[in-house]
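Here are my notes for someone opening this entry for the first time. Please read them with the structure beside you.

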Amino acid sequence: MPHRLELTSISKRFPGVLANDDISFAVQPGEIHALLGENGAGKSTLVKMIYGIMQPDGGEIRWNGRPTVIASPKAARKLGIGMVFQHFSLFEALTVLENIALGMDGKIPARELETRIRDVMGIYGLLLDPHRTVATLSVGERQRIEIVRALLLDPKLLIMDEPTSVLTPQEVGQLFDVLRKLAAQGCSILYISHKLHEIRELCDTATILRGGKLVDTCDPRQETSRSMAEKMIGAGLKDIVRVPNRTLGQPKFVVSGLSTIKTGHFEVPADNIGFTVRTGEIFGIAGVAGNGQNALLDALSGEIRSSDKHAITIDGHPLGLLDTTGRRKHGLCAVPEERNGHAAVGEFTLSDNSVLTARDRLGMVVLGLINGGAAKTYTGKVIAEFAVKALGPGSTAGSLSGGNLQKYIMGREILQKPGVLVVSQPTWGVDAGAAAAIHQALVDLAAAGSAIVVISQDLDELLALCDTLAVINMGRLSPARPVGEVSVEEIGLLMGGVHGAAEAHDAVPA
Amino acid sequence: MRFRLEKRPEPSRLMVYATPVAAVLLTMIVGAVIFSLIGYDGIGAVREIFLTPLTNAYKWQDLGVKAAPLIIIGVGLSIAYRANVWNIGAEGQYIIGGLAGTGVALATHGMTGAWILPLMVLAGVAGGMVYAAVPAFLKVRLNVNEILTSLMLTYASVQLIYYLIRAPWKDPMGMGFPQTRMFSEAARLPTIMPGTIVHLGVPIAIVVALIAWFIMSRSVFGYQMKVVGAAPHAARYGGFSENRTIWLAMLVSGALAGLAGVLEVAGPFQRMVPGFPTNYGFTAIIVAFLGRLNPLGVIFAGLVMAITFVGGEVAQTTIGLPNAATGIFQAMVLFFLLAGDILVRYRVRRVAGNRAVGAA
């Protein structure tokens, strides 16, 4: 039997970079094949060429043994290649059925389409009501729409781009069941991810890319997560170094009864949130995207002010009424999830971006005038200590890659030595080496006596980093639990909205 | 052979300065073609409008006098536009500034004293601020679009001139002409060069631009304007209130438009007349953009626009070009500038079509 898909010496050059350099591998019918690599390793470029969004500069693509030019995504779909993107393209105000109808290449009568959708869902056990409005669906359910949309084309190869980054552990399990069923029927799956334990659980083969080159094609079940990670980053992986047997101090950062007002139609507000973080503690808040994390971060940073001054206190000082500047002066720094346009201004230089949050804490302003030299010096220090790849303090933030910008932003806040640091998605889209550096910096900051809150969708990150964990669901926070005493299953249930006990808000972390 | 726009990794510094120059050159070329096509001496028109004011030393003082209000208003607008606050009604704030100054001049008529002019200036600045405060209030409190309100208030201000100079402020000795009496000596802006019409407003314009440049590039105020305009979400994260920024931007641009108005009525006009609104407030919008929203650039842009004003008048008498031609040339400058701005962020690349481009 010929290979389902075979790439031979595929190359793609962009101005200044060789994104794919002589890549060759093959996917068999019914195989679940992982494509593994850090950000910027060339995974997206490669997949875009397979799906017809880009054309390779060199090399050959064979489809079922025949050399093929995939001119467009439409041509790819015609061949039987489907793709589920990391970012969904769905209209929130339309129903599931309407969204799927809009994405079809040919015109199919609504009734016939619905029958076909129900057939596909029946075969693969994808539960979804075609008449529900997308806005009312969870992220996992939204992803199912995209999967159904791809399956309607009866694909022979399904490309999944980072499909689990937004799912609860239970939803991940359901997705894997669907993918295994698909594979059993002969559909090949190209599975892009950086979550190594998932790849070991699901995939038959893994192709690892680094810096645009193919490093290895291996059997993930013969490898450890660590060995694959080291192939991915091309170096030994650093573990987080902790002070042994450390004890947590007094309550430092106390939040109680914190709520926000619903602003947008699809915004989830924070609902009566309370928790306590002690000196030296890293407090994790898990949750599926869109459950009020953004509102909570804005309410903690001061972008949304509370009407109750005691809703937020540091060492007993009430900060609820203050804006971000006022809270920063009291040692409360925050990093929002969105880097460009929120945590940093793309058009501004890094130096000017340092002025954004560090101007008062580090004395960059004298009599209303900005001390550009101080901003530049501080920015240089951030670049050096956090190994930010930038030409210098004068580079614009927008010219940095996502991971480097994140390192800069984290460095900008951490080097201010805040008493309390609240961060959302600290390593979102950051490569493994940089993520390890950011984690270590957070651990060191906590060890130096700060209280840290980490809001993340990445459970592995929270379990590795945090002392205490709570889950946010529909804007409400579960009771906090020490990380060592809580199981992944339990957290998964909380993330899906099953609160085990009713004592949600009066619980105090042990 | 095809062309494709490709995003630059960093905005081009060169293009930031090159496109305003290119816009002016393109305006001259296209203007010459258009006016030739409709039967005028197109090349002559461009020469008279763009070159005569520069080559004829006698016109230089006109340039200074026309450029001063454009620069002062343009500086104010460049600050507001940086913050994405779209004050389109500088003409109205300029008129109210002129009227406020007129009010002081009329109330102090016949008096002498060095305090009269400063008082007029203060009144003019305050008048412009008050008139700009209306759109600011409506925007902050009711989220009413400031473009509409500030523009519409301009028309109201024109009617206010007509009312005041026909009734309460009419010159008692003016034989029924709708205008105020001539200001007393103490209410007139002195000239700085004897024998010319160059008044104190000209150096004031330069000083205003220099101060504004310093504030915009070095101060927290300037940073606030820029960050709110570039990324409102990041500005909030950085601790800058959007509403306060809207207030500041409107008040500063209104104050400077009002300052231009009072300097204009106390300088070239020396009385309030129906012809006081000369569209300086609208032309200053072009000045602000042509000057790249940078107060130093605004000085040069103000001069370019002043050239078209002065040259337009020359062309009217020498080759019979209609008065509206000036407006057409000014609009073309803005059009080409905005169109050319894409080159700041993108570059044009030639891409191979279906055939090889070896021959090209």
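How many residues of chain A are in contact with chain B, and how many of chain B with chain A?

1. The extent of the interface. In this predicted model, 32 residues of chain A are in contact with 20 residues of chain B. Between them the two chains bury about 2,000 Å², and 59% of that area is on carbon and sulfur atoms.

2. Polar links across the interface. The rule finds 14 residue pairs in polar contact between chain A and chain B, counting pairs in which both residues are at pLDDT 80 or more. On the side of chain A that touches chain B, the elements that give two or more residues are helix 10 (324–329), strand 16 (332–335), helix 11 (350–358), strand 18 (369–370) and helix 13 (402–414). Helix 11 of chain A gives the most to this side, with five residues, and the residues of the side as a whole divide into 13 nonpolar, ten polar and nine charged.

3. Salt bridges between the chains. Two salt bridges are found across the interface of chain A and chain B. In one, the side chains of B:Arg236 and A:Asp298 meet at 3.5 Å, N to O. B:Arg236 also forms a salt bridge with A:Glu303, where the closest N and O atoms are 3.1 Å apart. B:Arg236 lies in helix 9 (residues 232–237) of chain B, whereas A:Glu303 lies in the loop between helix 9 (293–301) and strand 14 (312–314) of chain A, so this pair joins two chains. As for accessibility, B:Arg236 counts as partly exposed at 36%, while A:Glu303 is buried, with a relative accessible area of 10%.

4. A salt bridge within chain A. A search of the whole structure finds 25 salt bridges over all chains, including one in which the side chains of A:Lys231 and A:Asp216 meet at 2.8 Å, N to O. Because A:Lys231 lies in helix 8 (residues 225–233) of chain A and A:Asp216 in strand 10 (residues 213–218) of chain A, the pair ties together parts that are 15 residues apart in sequence. A:Lys231 is partly exposed, at 21% relative accessibility, and A:Asp216 is partly exposed with a relative accessible area of 22%.

5. The side chains of B:Lys66 and B:Glu313 meet in a salt bridge at 3.5 Å, N to O. Here B:Lys66 belongs to helix 3 (residues 60–82) of chain B and B:Glu313 to helix 12 (residues 295–319) of chain B, so the pair ties together parts that are 247 residues apart in sequence. B:Lys66 is partly exposed, with a relative accessible area of 21%, and B:Glu313 counts as partly exposed at 42%. Turning to chain A, salt bridges that share partners join A:Asp177, A:Arg180 and A:Glu201 into one network.

6. Confidence in chain A. Where in chain A does pLDDT stay under 50? This is the case over residues 499–510 of chain A, for which the model has 18 contacts beyond four places in sequence. Where pLDDT is low, the predicted coordinates should not be read in detail. Chain A taken as a whole has a mean pLDDT of 86, and 94% of its residues reach 70 or more.

Note on methods:
Residues numbered from 1 in each chain as written. Chains lettered and ligands numbered in written order. Heavy atoms only, no water. Contact = heavy atoms within 4.5 Å. Buried area = accessible area lost by both parts, 1.4 Å probe. Salt bridge = Lys/Arg side-chain N within 4 Å of Asp/Glu carboxyl O. Polar contact = N/O pair within 3.5 Å; in protein donor to acceptor, adjacent residues only side chain to side chain. Helix = DSSP H or I, 4+ residues; strand = E, 2+ residues; numbered from the N terminus. Nonpolar A, V, L, I, M, F, W, Y, C, P; charged D, E, K, R; others polar. pLDDT = per-residue confidence, 0-100. Buried < 20%, exposed > 50% of the residue type's maximum accessible area, 1.4 Å probe, protein only.
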